[in-house]
Amino acid sequence: MACPETIDKQETRKTDLVVALDFGTTYSGYAYSFRNQFESNSLDVTLNPAWTTTTDGLLSKKTPTSLLLNPKGELYAFGTKADDKFAELACEDEHRDWYYFRRFKMKLHSKKEVKRGLKMKDELGKPMLASTVFSLAIRGLKDHCLETLKAHEAFNPDSTHIVWVLTVPAIWRDSAKQFMREAAVEAGINGHDLVLALEPEAASVFCQLLPIEKLHTNRKERFSVSRTGAVFMVVDLGGGTADITVQRRENDGTLCEMYAATGGPWGGVGVDRQFMIFITKLMGPDVMTRFSKENSEDLMDMYRCLETCKRTIRPESTGNVTIDIPGTLTDIYKDVFDERFGSNFPEEFEKRIKFNHGKLKVDVQIIKDCFTFVIDEIIKHVKDILSEPSCSGIKSILMVGGFADSDMVSSAMVNAFKNCRIVIPQDSETVVLCGAVIYGHSPGTISTRVVRYTYGVSYMVDFEQNQHPDAKKVVKEGEAPKCKDLFEIFVQMGSPVKTGEAISKVYSPARNDSKIMVIKVYASSKKDPEFVTDEGCWRLGKLVVDLPDSNKNSNLEIHERMIFGETELRVEAVEPVSGKTFSARFDFL
């Protein structure tokens, strides 16, 4: 029988310094604050000044999420330097043996089950272990930060105790979170000093402290998300995902999650994807495949041009948008089709585009249409959430993240939700990063979360002919028939759980000489699954308990306590008589 209880969170040491790493799909960055800095003014967060501009002239406090490894697979550069060096190599046709990765974070979201052996391909199609790619990227961010900190008089690399906060989407599954944790440890971060922060929560934590004048809204009346009792939706729009949660501000200043985090792959790169579909319609798939393989530098220039275009397009924009088309692309087109590019456009675009002297003049509506699919998905999902009984009274939507800065997105949200107040903080691109620093100093800010899935384990009972399906019947000689694969629920999806709340069950090792006890853990997207093999169920991983050396372990009772309500699932194993705590861990990979 499962019983809820509250246990102490892992002991929190007072830290000298908190460093947050915001590992994004499109852009990444870091920020930090020392303990005295935080205690004097919690909003006093230092952003890295070295990345205030990118090579394409766009203002940013982050750097592109790009990773360049030399032919031996060793870290060469992360961010803008990786882009610039790869472009230089490509210009001299010396890039083919190097490994170049960009915008690869979404690989973890697109995989339902993330495994340690997962491989990913670089921009030229060369495979590498995903764990290596992510750990080297995190190392690139970490090392850059430590180099910056050396100039700070309060920093001593030998004695300053650092807590590292790594941001992750709230909608990621547990395996993806563990994957990121292991990658960070492989990058040289001590696991005991590593905290994962959920991106929309970090954003909300920061916005609680912002003065009202820094929260832009479509309404004249003032509203503060820090008002006691305020209920609001947080929509975190990054490069890869839309991460959505609903929170309430409690009397004690903490935040209570009212609706489980949800979302999907509806970030800014979705616009890029639609744009490339448009270009592929003009050029043909064979031309684009060849161009991307043979002309990496020119392809990067096209993406940079698109990024500039994305940030300048507004709902009221009219006329044409000019896009530079590389000569290498039109040369490949002529080679494949034996005709000059621009002499024959698809009928749907014939009167809406012109090409002359390397310039493609495009009806601005075509570019606007690239936003449509992503925006429609965001709006539909927000409407679905607002239709839920627990969310029907929400009148304020807090929008954060780099994609929230797009006028196309914010205007669409204002028009779609006329009865809601749309709130966008200043510098929304860095809100998650700054909030993660504050969260690292005060992780108790989030008091309650809502469980996203139903969690449990597989168990067996005596087989009942009229109750259980024959396919689940297990017969062993000398024993009564059993029914296998039943789903024993630890906690149901949609349940609110306090931070540190645990569900406890009692287990015993199978044999006297057992050195470990392994329990298979399952999750389900359904509230009341009957069997672990039901649709919507999957094996989450295993719970492993290291047992003491003994020949009497079969008589040992272990209380397994799964701790919910935190950014990561935790587990503890306790022998109730002696009170001894055993080493226990989840393995989702």
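Cys 420 is buried, with a relative accessible area of 5%; here buried means under 20% relative accessible area, exposed over 50%, and partly exposed in between, computed with a 1.4 Å probe on protein chains only. The structure is a predicted model, in which local features need pLDDT of at least 70 and side-chain atom pairs count only at pLDDT 80 or more, while totals for chains, interfaces and linings use all residues. Residues are numbered from 1 along each chain as its sequence is written, and side-chain values use heavy atoms, with hydrogens and water left out.

**Cysteines**

A disulfide is a covalent bond between the sulfur atoms of two cysteines. The criterion applied here is a pair of cysteine sulfur atoms within 2.5 Å. A search of the whole structure finds zero disulfides. Cys 305 is in no disulfide, and the nearest cysteine sulfur, that of Cys 309, is 6.7 Å away. Cys 305 counts as partly exposed, at 24% relative accessibility.

The protein chain is divided into domain 1 (268-369) and domain 2 (453-585), with bounds that come from an automatic or database domain assignment. Taken over C-alpha atoms, the centres of domain 1 and domain 2 are separated by 54 Å.

Helix α8 covers residues 285-294, and Val 287, Met 288 and Phe 291 are buried in it. Helices (H or I, at least four residues) and strands (E, at least two) are DSSP runs, numbered from the N terminus. Seen down the axis of α8, the buried residues fall within an arc of 95°, so they line one face of the helix; the arc is that of the directions from the helix axis to the C-beta atoms. The face turned away from this buried side carries the exposed residues Pro 285, Asp 286 and Lys 293. The buried residues of α8 pack against α7 (269-283), α9 (296-312) and α10 (327-337), where contact means heavy atoms within 4.5 Å.

| Residue | Helix | Relative accessibility |
|---|---|---|
| Ser 175 | α5 (residues 174-186) | 7% |
| Thr 80 | α2 (residues 80-91) | 12% |

Ser 175 touches Lys 112, Val 114, Phe 588 and Leu 589, not counting residues up to four places away in sequence. Ser 175 and Phe 586 are 411 residues apart in sequence and 9.8 Å apart in space, C-alpha to C-alpha. Thr 80 and Arg 352 lie 272 residues apart along the chain, and 35 Å separate their C-alpha atoms.

**Cavities and a pocket**

On a 1 Å grid over the protein atoms alone, a cavity is a set of points where a 1.4 Å probe fits but cannot get out, and a pocket is an open set with protein on both sides within 12 Å along at least five of seven lines; lining residues have an atom within 4 Å of a point. Grid points are joined across faces, edges and corners, and a volume is the space filled by probe spheres set on the points.

The structure holds three cavities of 30 Å³ or more. The largest cavity has a volume of about 280 Å³ and is lined by 22 residues, including Lys 177 and Tyr 455. The second largest pocket has a volume of about 840 Å³. Its largest share of lining, three residues, comes from α9.
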